[in-house]
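Have the picture open as you read.

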Amino acid sequence: MATRSRRTAKTSFPFTSKKTGHDDTIEIDDGRKPGQWGRAWEVDLFSLVAIICLLIFCPPMVFYFYVSCTHYDCALSAPLLGILIGDVTVAEFWSQLPPITADGFKIVLSWMAFQVILTNLPDLFHKFVPGYVGGIQPGSGITPSGEHLHYQINGLQAFCISNGLFLLNGFIFQWVSPTIVVDHCGEMLWVANILGYLVSILVYIKGHTFPTSPKDCKFSGYFLYDFMMGIELNPRIGKWFDFKMFFNIRPGMIAWTIINMSNAIYQYQMHGYVTNSMWIVNIIQGIYVFDTFWNEAWYVGTIDILHDHFGWMFGWGDCVWLPWMYTIQGFYLAYKPVDLPLPIAVALLTLGLVGLFIYRAVNSQKDYFRRTDGQGLIWGAKPKYLEATYYTSDSKKRMIKLLLSGWWGVTRHMNYTGELMLSTACCLACGLQGFMPYFYILFVFILMTHRCIRDEHRCKAKYGRVWDEYMSKVPHRLIPGVF
């Protein structure tokens with residue numbers, strides 16, 4: 001049974017009545033309560049069980065995948081079957097886990113410190129890169145308490161410096177081995193786990209003792225849920241170091257392309273060439289990561305930043321799950337090279353690029369709609385939309401427009417459809433020899449489906465009956481005419 005935290009679950013926001021001077025609960029005519037949208041306030045049994053399972057199984061799962069690749073030819077079933085039939089003892093499997101070393105700590109902590117330095121540098125790219133939006137930028141949304149945050153947008157600069165130094169090192173200076181990530185992968189995995197838990201514990205304590213914005217904190221009443229999903233919406237140290245912004249798209253996201261390049265170099269060193277499948281994975285995922293940093297000013301308006309609170313899901317997930325499990329295709333191909341027939345390689349690269357195009361086109365369309373306040377043309381016509389109202393916890397009534405035209409009239413989350421397409425292309429590039437690389441698309445599908453449900457639950461709580469009308473006009477979530 002989950003342990004309850006010292007604060008009880010809250011079910012409504014108190015407001016001071018102008019007439020009585022006492023705290024009264026404000027409720028909108030359709031049942032909505034001001035500020036009660038975003039992360040869940042109340043937790044059901046299924047959510048608690050799911051969170052317990054994630055906390056128990058996810059950390060050892062990453063190590064299991066690592067050992068399966070390094071000792072069992074990337075066959076996921078081999079270690080477990082070996083233990084079950086007696087060919088491998090638990091002690092033998094334990095001995096195959098990577099060691100905890102000083103090198104692992106040096107690499108990970110140096111990387112984190114370097115990224116902290118880069119995230120605090122003033123952005124220069126927006127001054128000379130045409131079309132890039134950087135520097136101090138306002139967030140594109142209002143928090144439930146009514147705050148409007150600003151962000152230091154310099155991710156493209158940090159990405160280019162980090163990846164540029166890796167390439168200079170690999171091809172010119174040779175300060176360290178360009179396969180350093182593959183060579184020390186397991187050792188770094190231990191350190192990343194320790195760091196992820198320390199960060200998660202820190203923000204949990206911070207949320208209880210010295211939150212950045214107390215009115216945007218949420219307490220479900222269950223320790224495990226609050227630890228996993230987070231208490232604070234935007235925990236910060238000082239004015240600009242935002243935990244969520246930093247961990248979500250800096251050390252792990254920037255490392256994504258470096259890890260993939262390290263995998264490719266390792267494959268070259270071991271086999272004498274880089275396969276077309278490895279090129280496909282590096283190209284598709286490289287463009288995806290670059291796109292994230294080119295559009296960092298847009299990213300601050302996504303569900304990750306606007307609505308998800310910062311807890312273990314991000315603290316541990318960004319330190320461990322993102323850099324290790326999102327790069328599983330490249331890691332797999334480093335150990336098990338796959339050469340695809342040219343027509344299949346071209347088809348998969350095309351699938352991935354089309355997915356990338358849809359992903360960016362959908363997100364850019366919504367951003368354009370917001371920036372022009374619904375006045376700009378969408379697909380050559382004046383856009384259709386619904387006007388919805390919502391209330392922040394300061395009892396202010398606010399308005400938003402829900403787009404019904406263009407991509408957003410095809411499905412409610414067509415951007416996720418694009419992500420599924422590019423993820424599928426990267427998995428298929430690994431061939432059909434094993435299940436390991438396909439775990440990623442299974443995970444992404446579950447993640448996107450769950451995110452759709454969470455987002456729609458939040459929108460229902462936020463917009464009320466207007467959201468029901470929106471769903472009736474755009475009935476499908478991800479796949480047009482199907483789902």
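## Helix 11 beside helix 15

The axes of helix 11 and helix 15 come within 9 Å and cross at roughly 25°. Axes here are lines fitted to C-alpha atoms, for helices over the stretch in contact, and angles run from 0 to 180 degrees between N-to-C directions. Helices themselves are DSSP runs (H or I, at least four residues), numbered from the N terminus. The two are therefore roughly parallel to each other; angles under 35 degrees get that label, over 145 is roughly antiparallel, 65 to 115 is roughly perpendicular, and the rest is oblique. The crossing of helix 11 and helix 15 is right-handed, and the rule is that the near helix is turned clockwise from the far one by less than a right angle, with anticlockwise giving left-handed.

Who touches whom? Gly252, Met253, Trp256 and Ile259 of helix 11 meet Asp318, Leu322 and Pro323 of helix 15, where contact means heavy atoms within 4.5 Å. Sorted by class, these residues are five nonpolar, one polar and one charged. Ala, Val, Leu, Ile, Met, Phe, Trp, Tyr, Cys and Pro count as nonpolar, Asp, Glu, Lys and Arg as charged, and the others, Gly among them, as polar.

A word on the source: this is a predicted model, so local features need pLDDT of at least 70 and side-chain atom pairs count only at pLDDT 80 or more, while totals for chains, interfaces and linings use all residues. Residues are numbered from 1 along each chain as its sequence is written, and side-chain values use heavy atoms, with hydrogens and water left out.

## Helix 18 and its partners

Helix 17 (residues 342–371) packs against helix 18 at about 160°, with the axes 7 Å apart. That pair is therefore roughly antiparallel, and helix 17 passes helix 18 in a left-handed crossing. Their contact includes Leu348, Leu351 and Tyr359 of helix 17 and Met414, Glu419 and Leu422 of helix 18. By class, the contact residues are twelve nonpolar, six polar and one charged.

Helix 12 (residues 276–294) also packs against helix 18 (residues 414–428), at about 155° and with the axes 9 Å apart. That makes helix 12 roughly antiparallel to helix 18. This crossing is left-handed. Val281, Ile284, Gln285 and Tyr288 of helix 12 make the contact with Glu419, Leu422, Ala425 and Cys426 of helix 18.

## An open pocket

Now for the gaps. On a 1 Å grid over the protein atoms alone, a pocket is an open set of points with protein on both sides within 12 Å along at least five of seven lines; in a cavity, a 1.4 Å probe fits but cannot get out, and lining residues have an atom within 4 Å of a point.

The second largest pocket has a volume of about 690 Å³, volume being the space filled by probe spheres set on points joined across faces, edges and corners. Of its 28 lining residues, Ile107, Trp111, Ile180, Val181 and Ile258 lie nearest the centre. Helix 4 gives the most to this lining, with seven residues. The lining has 21 nonpolar, five polar and two charged residues.

The largest cavity has a volume of about 140 Å³, and its 14 lining residues include Cys185, Pro323 and Trp324. That lining divides into twelve nonpolar, two polar and no charged residues.
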